[in-house]
Amino acid sequence: MIPSFSVDHRAIVPGIFTSRVDQIGSGTATTYDIRLTRPNREPAVDVSAMHSLEHIIATYLRNDPDWKDEIIYWGPMGCLTGFYLILKGNRPPREIFPLVLSAFRAVEDTETVPGTAPENCGNYLLHNLGMAKWYAVRFADYLSTHADDPAIFEYPKTERLVTDDGRSFYDS
Ligand SMILES: [Zn+2]
């Protein structure tokens, strides 16, 4: 079930969006776009902070007693403006709002980035806990402030891009 619309990246605001929904066997998996910055309008997330947020929040999600069995994947976007979260099922973004908010809030209390020994990580020196906390607090405050704003849950849509040789472009 690949969506027939494309996302207008000029108009995306930070938020929690359904990127795609896939049927896998008899189950469903939903990919959420957890967008931290306004694409192409403000600086992308610092790469070492992004890496630390990946480690801290993946660890948080996979240890949350209510959610750990629903988590399939957590990882950064190549454009460094947000993360992808893949969960079992097909919940609307509003239903995962408390999970995302609590995951980013937990970053502030983190004392060390988990999994940063060279045997656990492919670039173990590329971390910045202080900057990770700065981005996490900023995003959590934004989510709290905009909790009632529908724009943080709904993509701005545009027609799907078709390349010169007739192929459709998909950003994930
Ligand atoms: Zn790593």
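Me: Starting with His51 and Cys121, are those two buried or exposed?
Reply: Buried, both of them. Keep in mind that this is a predicted model.

Me: Ok. What coordinates the zinc ion?
Reply: His51 through NE2, His55 through NE2 and Cys121 through SG, at 2.1 to 2.3 Å.

Me: How are the donor residues spaced in sequence?
Reply: The pattern is H-x3-H-x65-C. His51 sits in helix 1 (residues 47-63), while Cys121 is in the loop between helix 2 and helix 3 (129-145), so that pair links distant parts of the chain, 70 residues apart.

Me: Switching to pockets. What volume does the largest pocket have?
Reply: About 160 Å³.

Me: And which residues lie nearest its centre?
Reply: Thr18, Pro93, Phe153, Glu154 and Tyr155, out of 10 residues that line the largest pocket. Strand 2 (15-24) and helix 2 (93-107) are the elements that give two or more residues to that lining.

Me: How do the lining residues divide into nonpolar, polar and charged?
Reply: The lining of the largest pocket has 6 nonpolar, 1 polar and 3 charged.

Me: Strand 2 has an arginine I'm curious about, Arg20. Buried or exposed?
Reply: Arg20 counts as buried because its relative accessible area is 18%, and the cut-off for buried is under 20%.

Me: What does its side chain pair with?
Reply: The side chain of Arg20 makes a polar contact of 2.7 Å with the side chain of Asp22.

Me: Next one, Thr30. Where does it lie?
Reply: Thr30 is in strand 3 (residues 27-35). Its relative accessible area is 0%, so Thr30 is buried.

Me: What else is Thr30 in contact with, leaving aside neighbours within four places in sequence?
Reply: Gly89 is on that list too, and so are Thr18, Arg20, Val21, Leu85, Ile86, Leu87, Asn90 and Arg91.

Me: Moving on to Tyr142. Which element is it in?
Reply: Tyr142 is in helix 3.

Me: How far apart are Tyr142 and Gly15, in sequence and in space?
Reply: They are 127 residues apart in sequence, with 8.7 Å between their C-alpha atoms.

Me: What is Tyr142 in contact with, again leaving out neighbours within four places?
Reply: Val13, Pro14, Gly15 and Ile152.

Me: Last topic, backbone angles. What is phi of Asn40?
Reply: Near 65°, a positive value in a residue other than glycine. Most residues other than glycine have a negative phi.

Me: Where does Asn40 lie?
Reply: In the loop between strand 3 and helix 1. Asn40 has a relative accessible area of 72%, so it is exposed.

Me: And what about phi of Leu80?
Reply: Leu80 isn't a glycine either, and its phi is positive at about 60°. Leu80 is placed in the loop between strand 4 (71-76) and strand 5 (82-88).

Me: What is the relative accessible area of Leu80?
Reply: It comes out at 24%, so Leu80 is partly exposed.

Notes:
Residues numbered from 1 in each chain as written. Predicted model: local features only at pLDDT ≥ 70, side-chain atom pairs only at ≥ 80, totals over all residues. Heavy atoms only, no water. 1 Å grid on protein atoms, 1.4 Å probe; cavity = no way out; pocket = protein on both sides within 12 Å on 5 of 7 lines; lining within 4 Å. Points joined across faces, edges and corners; volume = space filled by probe spheres on them. Helix = DSSP H or I, 4+ residues; strand = E, 2+ residues; numbered from the N terminus. Nonpolar A, V, L, I, M, F, W, Y, C, P; charged D, E, K, R; others polar. Donors = N, O, S within 2.8 Å, 3.2 Å for Na, K, Ca; no water. Buried < 20%, exposed > 50% of the residue type's maximum accessible area, 1.4 Å probe, protein only. Contact = heavy atoms within 4.5 Å. Polar contact = N/O pair within 3.5 Å; in protein donor to acceptor, adjacent residues only side chain to side chain.
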